Amino acid sequence: MRAWLHEKGVELDERDFFQDRFSEGELRQLLQEHGVSEIFSWKSPSFKALNLVADTLDDQDLLRLMLQEPRLIRRPLITIGKWL
């Protein structure tokens, strides 16, 4: 993805959110126009290891889980203006 965007002349502001984790406010800002479940990585081995039932989790639960474990954020996460 990075190479393709670079080839198209798109400037990137990259962030390794494993090293520089999102704050709750940053995640909420990214999700202003979208539901939390849209960027939650439901198929992640990290989620499967938690043995949680997806139907029992609300947006606050998902947000808390993503803050604790960045692997639960679907990647790549690309924002263009307000688009996610």
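Modeller: A helix is a DSSP run of H or I with at least four residues, a strand is a run of E with at least two, and both are numbered from the N terminus. L30 lies in one such run, helix α2.

Colleague: What kind of model is this, and what do the values rest on?

Modeller: The model is predicted: local features need pLDDT of at least 70, side-chain atom pairs count only at pLDDT 80 or more, and totals for chains, interfaces and linings use all residues. Residues are numbered from 1 along each chain as its sequence is written, and side-chain values use heavy atoms, with hydrogens and water left out.

Colleague: How many helices and strands does the chain have?

Modeller: Four helices and zero strands. Along the sequence the pattern reads α-α-α-α. The C-alpha atoms fill a box of roughly 45 × 25 × 20 Å along the principal axes.

Colleague: Back to L30. Why is L30 called partly exposed?

Modeller: Buried means under 20% relative accessible area, exposed means over 50%, and partly exposed is in between, with a 1.4 Å probe and protein chains only. L30 has 22%. That value falls in between, so L30 is partly exposed. By the same rule, 24% of the 84 residues count as buried.

Colleague: Which residues are buried in helix α4?

Modeller: In α4 (residues 59-68), they are L62, L63, L65 and M66.

Colleague: How do you know that they are on the same side of α4?

Modeller: They cover an arc of only 165 degrees around the axis, which puts them on the same side. That arc is taken from the directions between the helix axis and the C-beta atoms. In general, an α-helix has 3.6 residues a turn, so residues three or four places apart point the same way.

Colleague: What do the buried residues of α4 pack against?

Modeller: Against α2 (24-30). The test is contact, meaning heavy atoms within 4.5 Å. Across the chain, residues 24 or more positions apart account for 69% of the contacts with a separation of 6 or more.

Colleague: What happens at the start of α4?

Modeller: A side-chain oxygen of D58 reaches to within 3.2 Å of the backbone nitrogen of Q60.

Colleague: What makes R2 and E14 a salt bridge?

Modeller: A salt bridge is a side-chain nitrogen of Lys or Arg within 4 Å of a carboxyl oxygen of Asp or Glu. Here the N to O distance is 2.7 Å. That is within 4 Å, so the pair qualifies. R2 lies in helix α1 and E14 in the loop between α1 and α2, so the pair ties together parts twelve residues apart in sequence.

Colleague: How many salt bridges does the rule give?

Modeller: Six. Among them, D20 and R15 meet at 3.4 Å, N to O. D20 is partly exposed at 44%, and R15 is partly exposed at 30%. Another is E69 with R71, at 3.2 Å, N to O. E69 is partly exposed at 23%, as is R71 at 44%. Salt bridges that share partners also join R15, D20 and E26 into one network.

Colleague: Why does M1 count as exposed?

Modeller: M1 has 56% relative accessibility. The cut-off is over 50%, so M1 passes. M1 is found in the segment before α1 (2-7).

Colleague: Which residues make the nonpolar surface patch?

Modeller: M1, W4, I78 and I80, with about 430 Å². Patch residues need over 30% relative accessible area and no salt bridge; nonpolar side chains (Val, Leu, Ile, Met, Phe, Trp, Tyr) are joined within 5 Å, like charges within 9 Å. Areas come from the Shrake-Rupley method with a 1.4 Å probe, and for residues only the protein chains shown count as cover. The whole chain has an accessible surface of about 6400 Å², 49% of which belongs to carbon and sulfur atoms.

Colleague: Where is L12, and what does L12 touch?

Modeller: L12 is in the loop between α1 and α2. L12 touches R2 and L5, leaving aside residues up to four places away in sequence. L12 is 66 residues from I78 in sequence and 9.5 Å away in space, C-alpha to C-alpha.

Colleague: What kind of peptide bond joins R75 and P76?

Modeller: A cis bond, with omega at about -5 degrees. P76 lies in the segment after α4.

Key:
A polar contact is a pair of N or O atoms within 3.5 Å; within protein, one must be able to donate a hydrogen and the other to accept it, and residues adjacent in sequence count only if both atoms are side-chain atoms.
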